[in-house]
Amino acid sequence: MIALLKILLAAAPTSKAKTESINIMADVLPEEMPMTVIQSLKLGIDVNRHKEIIVKAISGILLLLLKHLKLNHIYQFEYMSQQLMFANCIPLVLKFFNQNIMSYVGAKNTISVIDFPACVIGEQPELTEETLEMGDQLPYCWRNLFSCINLLRLLNKLTKWKHSRIMMLVVFKSAPILKRALKVKHAMMQLYVLKLLKMQTKYLGRQWRKSNMKTMSAIYQKVRHRLNDDWAYGNDLDARPWDFQAEEFALQASINRFHNRRYDRTGSLCNDPDFQSVDNNVLSVLGREVELTDDFKYHYETWLKREVFQLSTDWDQLLNYQYI
């Protein structure tokens, strides 16, 4: 997980080459440097495309992992979320969006004549400056837009209902960064940006709300609300991240108890049959030896007569479709 975040940091457009601790371009850069202008342009497009694919893959992996763990067990999801938070995932995502997001979403790092399926259908034309400039007619790059939406959803999952993490968004001054992301005219991306802004409005103060009424109106129109929501009028300007550390510590204690109960094989709880895992394999259960008590063996004929011979079963009623 930490390795994924390091690769994501190295592939972020705002990262400089000097600070990259991982060489993610080893598979792309050729052994010999390009000699012509066409080769240099192709290499530049290929490097940027490689970074975009890495960001797309890692953002999708992290989001799917969180969704799977939340379905499997909520404490597994909370443990994963805490580890991502401790690994500075929140400032990393904000750093990713602290760029010209319009140019990133609209980037054209593709060469249409050698993309699939054009590269395997018919004869490939010779690469020239004109063919390099030919690209898709879409107003945005679907790959970069997909990555942005995944990272916003990841940030939502990490901070939802967690006051200390919402305060981290406020401390890192995420509001102007997220407001710039609203310039991308895509409904789903704008929805997750507005959700992140809605979380922190009561910590930003009345003055911020007065000067950002257009954003407040968009939140009111597009984001789901609850009856006891105080995002539009609540004020908690004096709150600090450490004011909510008790919630984080209580959550961590609950996660530790879950780990000790579920995974610690040396603890005393492992000997308790109530905390043992259930064997749901039919062959294993049927093949298990069961010890019958002496009392049951003595009254076996009585049990057989009462439970088997005297019990009448209406098989036609069982096969009736209303009872299936």
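# A guided tour of the model

Start by selecting Glu307 and Arg306: their side chains form a salt bridge, with the closest N and O atoms 3.3 Å apart. Is this pair buried or exposed, or something in between? Glu307 has a relative accessibility of 37%, so Glu307 counts as partly exposed. Arg306 is also partly exposed, because its value is 47%. As you look around, keep in mind that this is a predicted model.

**The whole view**

Now zoom out and colour by secondary structure. You will find 17 helices and zero strands. The protein has 324 residues, and 35% of them count as buried. Among contacts between residues at least 6 apart in sequence, 73% join residues at least 24 apart. Several stops on this tour show such links one by one.

How many salt bridges does the structure hold? There are six of them. For another one, select Arg143 and Glu52, whose side chains meet at 2.9 Å, N to O. This pair links distant parts of the chain: Arg143 belongs to helix H7 (residues 142-159), Glu52 belongs to helix H2 (residues 37-72), and 91 residues separate them. Arg143 has a relative accessible area of 8%, so Arg143 is buried. Glu52 is buried as well, because its relative accessibility is 4%.

Next, select Asp229 and Lys198. These two form a salt bridge in which the closest N and O atoms are 3.1 Å apart. Here, too, distant parts of the chain are linked: Asp229 is in the loop between H12 and helix H13 (245-262), Lys198 is in helix H10, and the two are 31 residues apart. Both Asp229 and Lys198 are buried.

**Along helix H10**

Stay in helix H10, which covers residues 187-204, and select Gln200. Is Gln200 buried or exposed? Its relative accessibility is 0%, so Gln200 counts as buried. Show the neighbours and leave out residues up to four places away in sequence: Gln200 then touches Ile166, Leu169, Val170, Ser174, Ala175 and Leu178. Which backbone oxygen does the side chain of Gln200 reach? It is that of Leu196, at 3.2 Å. Gln200 and Trp231 are 31 residues apart in sequence, but their C-alpha atoms are 7.7 Å apart in space.

**Two sides of helix H12**

Select residues 213-222, which make up helix H12, and look for its buried residues: Thr215, Met216, Ala218 and Ile219. Turn the view until you look down the axis of H12. The buried residues fall within an arc of 160°, so they line one face of the helix. On the other side of H12, Lys214, Tyr220 and Gln221 are exposed. What covers the buried residues of H12? The cover includes helix H9 (174-181), H10 and helix H11 (206-211).

Now show the aromatic side chains. The structure holds seven aromatic pairs. One of them joins Tyr75 and Phe258: the ring centres are 5.6 Å apart and the planes meet at 45°, so the pair is tilted. Because Tyr75 lies in helix H3 (residues 74-86) and Phe258 in helix H13, the pair ties together parts that are 183 residues apart in sequence. How do the two partners compare in exposure? Tyr75 has a relative accessible area of 25%, so Tyr75 is partly exposed. Phe258 is buried, because its value is 1%.

Move on to Phe96 and Phe97. They form an aromatic pair that is edge-to-face, with 5.7 Å from centre to centre and 80° between the planes. Both of these residues, Phe96 and Phe97, are buried.

Ring pairs link Tyr75, Phe258 and Tyr263 into a cluster.

**Last stop: a charge over a ring**

Finish with Lys70 and Phe77. Lys70 lies over the face of Phe77, at 5.1 Å from the ring centre.

Terms used:
Residues numbered from 1 in each chain as written. Predicted model: local features only at pLDDT ≥ 70, side-chain atom pairs only at ≥ 80, totals over all residues. Heavy atoms only, no water. Helix = DSSP H or I, 4+ residues; strand = E, 2+ residues; numbered from the N terminus. Buried < 20%, exposed > 50% of the residue type's maximum accessible area, 1.4 Å probe, protein only. Contact = heavy atoms within 4.5 Å. Polar contact = N/O pair within 3.5 Å; in protein donor to acceptor, adjacent residues only side chain to side chain. Arc of directions from axis to C-beta. Salt bridge = Lys/Arg side-chain N within 4 Å of Asp/Glu carboxyl O. Phe/Tyr/Trp six-rings, centres within 6.5 Å; stacked < 30°, edge-to-face > 60°. Lys NZ or Arg CZ within 6 Å of the ring centre and 35° of its normal.
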